[in-house]
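Please look over the sequence and the model below before reading on. The paragraphs after it go through the fold piece by piece.

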Amino acid sequence: MHTLAAYNEANPAHQLGTLIWHKGTGAVNWVRTHQDYRGLGMASTLWEKAHKLAADTGIKEPQHSKHRTEEGEAWAKQVGGKLPGRAHYEEW
């Protein structure tokens with residue numbers, strides 16, 4: 001897995017957000033923003049930085065997974081990119 005995280009400079013132990021994606025497939029396994037920072041573009045910035053990191057280093061870029069919550073679906077549509085059909089929860 002590849003992991004990209006954002007931390008508070010004033011308190012480096014305080015993680016603000018995380019994006020985790022599969023090394024081989026690029027499928028995003030986890031996107032999280034601390035509740036105090038939601039709606040400020042944290043997850044979108046991590047998405048952009050992860051794509052830049054992939055372009056700069058040759059690693060697999062993150063791609064939207066078919067396993068998305070309702071919040072994940074809204075976020076995926078906001079940041080763009082190919083959206084595979086969503087799996088039903090029974091398939092998870």
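The text starts with the sheet, then turns to the helices and their packing.

This is a predicted model, in which local features need pLDDT of at least 70 and side-chain atom pairs count only at pLDDT 80 or more, while totals for chains, interfaces and linings use all residues. Residues are numbered from 1 along each chain as its sequence is written, and side-chain values use heavy atoms, with hydrogens and water left out.

Helices (H or I, at least four residues) and strands (E, at least two) are DSSP runs, numbered from the N terminus. Two strands count as paired if DSSP finds at least two bridges between them. The model has an open sheet of three strands in the order 1-2-3, with antiparallel pairing. Strand 1 and strand 3 stand at the edges with a single partner strand each, so one side of each has no neighbour in the sheet. On average, neighbouring strands of this sheet are turned by 30° against each other, direction ignored; the axes behind such angles are lines fitted to C-alpha atoms, for helices over the stretch in contact, and angles run from 0 to 180 degrees between N-to-C directions.

Seven bridges hold the antiparallel pair of strand 1 (residues 2-8) and strand 2 (residues 11-21). One example is Thr-3, whose bridge partner in strand 2 is Ile-20. The hairpin between strand 1 and strand 2 passes through two residues.

Strand 2 also runs antiparallel to strand 3 (residues 28-33), with five bridges between them. Here Leu-19 has Val-31 of strand 3 as its bridge partner, and Gly-17 stands opposite Thr-33. Six residues lie between the two strands of this hairpin, and Gly-26 in the turn has a positive phi of about 85°.

Next come the helices. Helix 1 lies across strand 1, strand 2 and strand 3, and runs at about 65° to strand 2. Ser-44 belongs to helix 1 (residues 42-57). Why does Ser-44 count as buried? Its relative accessible area is 13%, and buried means under 20%, exposed over 50% and partly exposed in between (1.4 Å probe, protein chains only). Leaving aside residues up to four places away in sequence, Ser-44 touches Trp-75, Gln-78 and Val-79, where contact means heavy atoms within 4.5 Å.

In helix 2, Glu-73, Trp-75 and Ala-76 are buried. They cover an arc of only 165° around the axis, which puts them on the same side of helix 2; the arc is that of the directions from the helix axis to the C-beta atoms. The buried residues of helix 2 pack against strand 2, strand 3 and helix 1. On the face turned away from that buried side are the exposed residues Glu-70, Glu-71, Lys-77 and Gln-78. Just after helix 2, Gly-80 takes a positive phi of about 85°.

Finally, the aromatic rings. Rings of Phe, Tyr and Trp (its six-membered ring) pair if their centres lie within 6.5 Å; planes under 30 degrees apart count as stacked, over 60 as edge-to-face and the rest as tilted. By this rule there is one aromatic pair. The ring centres of Trp-47 and Trp-75 are 5.4 Å apart and the planes stand at 90°, so the pair is edge-to-face. The pair links distant parts of the chain, with Trp-47 in helix 1 and Trp-75 in helix 2 (residues 70-79), 28 residues apart. Both Trp-47 and Trp-75 are buried.
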